[in-house]
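Good morning, colleagues, and thank you for coming.

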Amino acid sequence: MLILSIETSCDDTSIAILEARGKKRASFNILANIVSSQMEIHAPFGGIVPHLAARAHQRNLPYVLEKSLNEAKLKSKVDLIAVTVCPGLEPSLWAGIGFAKSLAFVSQIPIIGVNHIEGHILANFLNNKNIKFPALCLVVSGGHTQLILMKDFGKYELLGETRDDAAGEAFDKVAKLLGLGYPGGPVVAAEAAKFPIFNFQFSNKFKISPCGRCPEGTQNSKFKIILPRPMINTKDYDFSFSGLKTAVLYLVKDLGVKITKNLIPMICAEFQQAVIDVLIKKTLRAAKEYGVKNILCGGGVMANKELRAQLKTAIQDELPDVVLRIPPIELCTDNAVMTGIAGYYKFLRDGADKISEIKADGNLKL
Ligand code: KG4
Ligand code: ZN
């Protein structure tokens, strides 16, 4: 089956063309995956401006389609159009939906609406036939931070989520208040990488100092910035990152601009570590409580190399029987490949949607 998928839920315009084979455990061949970033448009504002995002999607979509068709060199007609319908910025979602509906109508191709969060989770199923259910899913993006129990395709139970800011949103806001630009995740991670690290690993092997990253007696343990790890010990699976961002704000106010500038790598490293500590602690606890054999990660924040490495180490140390799956970096941040995979599995379950019934829903849950 040939699937053309469209993703415009936020600020990336993406169209992918996939070849799907098999039923319950399909395999997918990526024929094209074009992502057009709007970074330059939103950077001056330090965040996404919804109406500018929608306008840029409308402008970009025909070119992104042309590029993906040129790359895929299709020999037969597309069998299914998959488009993200929720959750996300409504003006952005409508841009993709309107385009997808026109294509479906004019070419008489079946269409299906896809949940963006399910897309992030199913990016792990690109070529993975051995994932066992129930699986624990950690979705960490600019709009969401959720722990989800996946019982089967289409069957999800939300275990916990952020009560305020998403983890990616906190990265973006911290970057903005440190004057590092947008999007925050990659720049904060790059600054954090400049801070001298000596093999910190999230494990019980050595004593961890209050800052959570410097083992006692090492070079950095004398001078450290300590940020909170919000809700790290609460018994639920919820998160909260807005207080962490506010702690950075107060720190910057206390230190003054001049000192802050010199300490940016250290602040970024400690902020990043605080987010990582909370995500790892809650994910491991949920994995133990629900006895899962697979942990499936997704979302833009999972592009963070420290998070990827430390989560891997923590699982090897504490849950050696559990298989950790994280998509390659380009399939963690928004892309239409994941939309195509989720669209295919939904099509197998429920068939196509009616063109007239497809609409955007900014807040729809899984
Ligand atoms: O999944 P995504 O591309 O879009 C949403 O669905 O929101 O995630 C975007 C978020 C942004 O907040 C961005 O700052 C963050 O992912 N991000 C990162 C990294 N790369 C992107 N956060 C931390 N470290 C990164 N390397
Ligand atoms: Zn996303």
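I begin with Glu157, which is partly exposed, its relative accessible area being 30%. This is a computed value, and the model before you is a predicted one. The side chain of Glu157 forms a salt bridge with that of Lys151, with 2.9 Å from N to O. Lys151 is likewise partly exposed, at a relative accessible area of 42%.

In one of them, Lys173 is joined to Asp165, and 3.2 Å separates the closest N and O atoms. Lys173 is partly exposed, with 30% relative accessibility, whereas Asp165 is buried, with a relative accessible area of 8%.

The other salt bridge brings together the side chains of Lys282 and Asp236, at 3.2 Å from N to O. Which parts of the chain does this pair link? Lys282 belongs to helix H7, residues 242–290, while Asp236 sits in the loop between helix H6, residues 184–194, and H7. The two are 46 residues apart, and the pair thus links distant parts of the chain. Is Lys282 buried or exposed? Lys282 is buried, because its relative accessible area is 0% and buried means under 20%. Asp236, at 27% relative accessibility, is partly exposed. Both residues also belong to one network, in which salt bridges with shared partners join Arg163, Asp236, Asp238 and Lys282.

Let us now turn to the sheet. It is an open sheet of five strands, in the order E3-E2-E1-E4-E5, and its pairing is mixed. At the edges are E3 and strand E5, residues 111–115, each of which pairs on one side only. From one strand to the next, the twist averages 20°. In general, the strands of a sheet pair through backbone hydrogen bonds, in either a parallel or an antiparallel manner. Strand E2, residues 12–21, pairs with E3 in the antiparallel sense, over 10 bridges. As an example, Arg21 has Ser27 in E3 as its bridge partner.

Helix H2, residues 50–72, packs on this sheet and touches strand E1, residues 2–7, together with E2 and E3. The direction of H2 makes about 35° with that of E2. Helix H10, residues 336–350, lies across E1, E2, E3, strand E4 (residues 80–86) and E5, and runs at about 125° to E1.

Ser36 lies in strand E3, residues 27–37. Its side chain makes a polar contact of 3.5 Å with the side chain of Asn60. Beyond its neighbours up to four places away in sequence, Ser36 touches Asp11, Asp12, Thr13, Asn60 and Val64.

I close with the backbone. Most peptide bonds are trans, and most residues other than glycine have a negative phi. Where do we find cis peptide bonds here? One joins Phe133 and Pro134, with omega about -5°, and another runs from Tyr182 to Pro183, with omega near -5°. Pro134 is in the loop between helix H4, residues 116–122, and strand E6, residues 135–140. Pro183 is in the loop between helix H5, residues 167–177, and H6.

As for positive phi, Lys73 has a value near 45° and lies in the loop between H2 and E4. Lys73 is exposed, at 62% relative accessibility. Gln108, also not a glycine, has a phi of about 55° and is exposed, with a relative accessible area of 60%.

Definitions and conventions. Residues are numbered from 1 along each chain as its sequence is written. Chains are lettered from A and ligands numbered from 1 in the order in which they are written. This is a predicted model: local features need pLDDT of at least 70, side-chain atom pairs count only at pLDDT 80 or more; totals for chains, interfaces and linings use all residues. Side-chain values use heavy atoms; hydrogens and water are left out. Helices (H or I, at least four residues) and strands (E, at least two) are DSSP runs, numbered from the N terminus. A polar contact is a pair of N or O atoms within 3.5 Å; within protein, one must be able to donate a hydrogen and the other to accept it, and residues adjacent in sequence count only if both atoms are side-chain atoms. Contact means heavy atoms within 4.5 Å. A salt bridge is a side-chain nitrogen of Lys or Arg within 4 Å of a carboxyl oxygen of Asp or Glu. Buried means under 20% relative accessible area, exposed over 50%, partly exposed in between (1.4 Å probe, protein chains only). Two strands pair if DSSP finds at least two bridges between them. Axes are lines fitted to C-alpha atoms, for helices over the stretch in contact, and angles run from 0 to 180 degrees between N-to-C directions.
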